[in-house]
Amino acid sequence: MNTINITKEVFVFLKKLEENNNREWFAENKKEFKNIETQVKSFYAHVMEDLKLHDDIEKMKMFRIYRDVRFSKDKSPYKAHFGGSFSRAGARLRGGYYLHLKPGDSFLATGFWEPNKEDLLRIRKELELDADEFREVINETSFKKIWGEVQGDEVKVAPKGFDKLHPNIDLIKKKQYIFVRKFTDKEIFSKDFSKKIDESFKAIRPYFDLMSSILTTNLNGESLLD
């Protein structure tokens, strides 16, 4: 497949949109937006095709530019960024990928953003039992060079039913288990940006493999899948 890049025109448009975030301006520039959107969709599709070469991807979802302002104090009608996710297929594969494109604030995110209460409890119980393998994966040198530290919101002291003095409480008290890799605008426009994305997503696989194993088994290691 030929290399597809994000051009500077994409960010020029997003900056203009941020400065003119109103329906009148957007209507006048709808044609330019559609051209930009087509380019960005092609890039996301390219990323998905690369992903499919080494992972089982069920679907890609590129999020709409329109904001839901019903419950927000910010009534700006449009997002000044592009975002899209890539979902892994089937109950046996857990985790997902996300690509965010915004001038001065572009990043990849991956992991477990909003695990349901059953999954969150299962992860915490595993870490309570033994976090050695988890720490080994996330502290591996090449992994950490790309993804840094595990991130996510957390409770202040300890979740209900867990000891606040447990040696793995730093991990147990998390509500999310995510990793983020940021990129400069210069990196976004480089010819090897899609390659950097793919290398990053490949690097997260040991983490996904471990978490998929945890979330599809009970604490005795017995499969929860039919």
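A cavity is a set of grid points where a 1.4 Å probe fits but cannot get out. The views below come from a predicted model.

View 1. The structure holds one cavity of 30 Å³ or more. The volume of the largest cavity is about 40 Å³. Its lining consists of F63, R64, I65, K79, H81, F82 and G83. By type, these lining residues are three nonpolar, two polar and two charged.

**View 2. The largest nonpolar core.** This core has 56 residues, and those touching the most other members are V40, F82, F86, L99, L101, F134 and Y207. Helix α3 (residues 30-52) supplies the largest share of the core, eight residues. Beyond its neighbours within four places in sequence, Y207 is in contact with G111, F112, F134, V137, I138, F143, Y177 and F179.

**View 3. A buried salt bridge between D119 and R94.** The closest N and O atoms of D119 and R94 are 2.9 Å apart. D119 belongs to helix α4 (residues 117-129), while R94 sits in the loop between β2 (82-88) and β3 (96-101), so the pair links distant parts of the chain, 25 residues apart. Both residues are buried.

View 4. E128 and K125 form a salt bridge, with their closest N and O atoms 3.1 Å apart. The two are separated by about one helical turn, because they are three residues apart in helix α4. E128 is partly exposed at 25% relative accessibility, and K125 is partly exposed at 29%.

**View 5. A salt-bridge network.** D55, R88, R205 and D209 are linked through salt bridges. The whole structure has 18 salt bridges.

Methods. Residues numbered from 1 in each chain as written. Predicted model: local features only at pLDDT ≥ 70, side-chain atom pairs only at ≥ 80, totals over all residues. Heavy atoms only, no water. 1 Å grid on protein atoms, 1.4 Å probe; cavity = no way out; pocket = protein on both sides within 12 Å on 5 of 7 lines; lining within 4 Å. Points joined across faces, edges and corners; volume = space filled by probe spheres on them. Nonpolar A, V, L, I, M, F, W, Y, C, P; charged D, E, K, R; others polar. Core = buried A, V, L, I, M, F, W, Y, C linked by side-chain atoms within 4.5 Å. Buried < 20%, exposed > 50% of the residue type's maximum accessible area, 1.4 Å probe, protein only. Helix = DSSP H or I, 4+ residues; strand = E, 2+ residues; numbered from the N terminus. Contact = heavy atoms within 4.5 Å. Salt bridge = Lys/Arg side-chain N within 4 Å of Asp/Glu carboxyl O.
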